[in-house]
Amino acid sequence: MLSESSSFLKGVMLGSIFCALITMLGHIRVGRGNRMHHHMHHHLQAPNKEDISRISEDERMELSKSFRVYCIILVKPKDVSLWAAVKETWTKHCDKAEFFSSENVKVFESINMETNDMWLMMRKAYKYAFDKYRDQYNWYFLACPSTFAIIENLKYFLLKKDPSQPFYLGHTIKSGELEYVSVEGGIVLSIESMKRLNSLLSNPETCPEQGGMIWKISEDKQLAVCLKYAGVFAENAEDSEGKDVFNTKTIGVFIKEAMNNQPNQIVEGCCSDMAVTFNGLTPNQMHVMMYGVYRLRAFGHVFNDALVFLPPNGSDND
């Protein structure tokens, strides 16, 4: 009798585990109607500087005005010091930046998502942004509070990308069969991707709020699962030399790695000249980055950029 009971319990446990795995795989795989069986991972590169220089000055001015980036920053009360640093530094270069918080915080203006769950916060923030600003911005950049972004480099990278196409890009990571853009490096969605995502958010079968699993997956993976149902796939963003421009580490970490791996080429081996983001920064490091990127000037050294992205009207940015 004991042996039979033991066998029965083992069977129940194995059956439960098997069902859980089937549930997980069911959510990670996409529906047959929308799945692209032969999708190949793309490495999207920044435009060639020589190509930009061939564009007329009038066309360049029109281009610089046409790129409008809305920035979404997801924050929690414990992030207050980072929140302050982000608000005082790089977000001033967004055409509009708004903070989405897990609860009301008196010292800062934010949009209360009324949840601590990062995936629910992300879903609500995207829906809010699309419903309110769909006709005003063509690119949507989402970041966590430990990320520093150079918005002008982001706009330059997007220069030859069509926002009416379903772009979803940043620093990609592969997890099993799922490829997703890491939230640590920042996530960029075109307006077309936002439209497709918005159409899925109300459908619990294609884009569930809780994921329907016995264990939870991160919000950036959840986003990738939802977008795959709409035929939108993660793309890795790189410069013309193949270096990542969305980075999930600080510059200090990259320099240390370069010193260990390429001691004779620390500058060349460290980071892209056209980097868009770095992550894992402290508030002090945010201000150091701001000084190095926007304030420090080497006398007599001129870049002669072919294109200028003007700051938003009324901005007190550097």
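By about how many helical turns are K127 and D131 separated in helix α5?

Reply: They are separated by about one helical turn, being four residues apart in helix α5 (residues 118–133). Keep in mind that this is a predicted model. An α-helix has 3.6 residues a turn, so residues three or four places apart point the same way. Now look at the side chains themselves. Those of K127 and D131 meet in a salt bridge, with 3.2 Å from N to O. K127 is partly exposed, at 38% relative accessibility. D131 is partly exposed too, and its relative accessible area is 38%. R134 joins K127 and D131 in a network of salt bridges.

How many salt bridges does the structure hold? The count is seven. Another of them pairs E257 with K249, whose side chains meet at 2.8 Å, N to O. E257 is partly exposed, with 30% relative accessible area. K249 is also partly exposed, at 33%.

Now turn to D95 and K155. Their side chains form a salt bridge of 2.9 Å, N to O. This pair links distant parts of the chain. D95 sits in the loop between α4 and β3, while K155 sits in helix α6 (residues 151–157). They are 60 residues apart. Are D95 and K155 buried or exposed? Both are buried.

Strand β2 covers residues 69–75, and strand β3 covers residues 96–101. They pair in the parallel sense, over six bridges. The chain gets from β2 to β3 through helix α4 (residues 80–88). This β-α-β crossover is right-handed. Within the pairing, C71 stands opposite A97 of β3. On its own account, β3 also meets strand β4 (residues 111–112). Two bridges join these strands, and they run parallel. There, F100 has I111 in β4 as its bridge partner. Side chains in such strands follow a general rule. In a regular strand they alternate between the two faces of the sheet.

Helix α4 deserves a look of its own. Which residues of α4 are buried? They are L82, W83, A84, A85 and V86. What covers them includes the strands β2 and β3. Strand β6 (147–149) and helix α11 (283–295) are also among the covering elements.

C71 brings us to the disulfides. A disulfide is a covalent bond between the sulfur atoms of two cysteines. This structure has three disulfides. One of them joins C71 to C94, with 2.0 Å from S to S. The angle about the S-S bond is -95 degrees, and the link of C71 and C94 is left-handed. C71 lies in strand β2 and C94 in the loop between α4 and β3, so the bond ties together parts that are 23 residues apart in sequence. C71 has a relative accessible area of 0%, so it is buried. C94 also counts as buried, at 3%.

Another disulfide is formed by C207 and C226, their sulfur atoms 2.2 Å apart. Here the angle about the S-S bond is 90 degrees, and the link of C207 and C226 is right-handed. C207 lies in the loop between α7 (191–201) and α8 (219–229), and C226 lies in helix α8, so this pair ties together parts that are 19 residues apart in sequence. C207 is buried at 1% relative accessibility. C226 is buried at 0%.

That leaves C270 and C271. A disulfide joins them, S to S 2.3 Å. Why do both count as buried? The cut-off is under 20% relative accessible area. C270 has 17%, so it is buried. C271 is at 12% relative accessibility, so it counts as buried too.

How do the bonded cysteines pair along the chain? Counted in order, the disulfides follow the pattern 1-2, 3-4, 5-6. C144 is buried, with a relative accessible area of 16%.

Now return to the starting point. K127 and D131 are held about one helical turn apart within α5. D95 and K155, in contrast, link distant parts of the chain.

Methods. Residues are numbered from 1 along each chain as its sequence is written. This is a predicted model: local features need pLDDT of at least 70, side-chain atom pairs count only at pLDDT 80 or more; totals for chains, interfaces and linings use all residues. Side-chain values use heavy atoms; hydrogens and water are left out. Two strands pair if DSSP finds at least two bridges between them. A crossover is right-handed if, with the strands pointing away from the viewer, the path from the first strand over the helix to the second runs clockwise. A disulfide is a pair of cysteine sulfur atoms within 2.5 Å. Buried means under 20% relative accessible area, exposed over 50%, partly exposed in between (1.4 Å probe, protein chains only). Contact means heavy atoms within 4.5 Å. A salt bridge is a side-chain nitrogen of Lys or Arg within 4 Å of a carboxyl oxygen of Asp or Glu.
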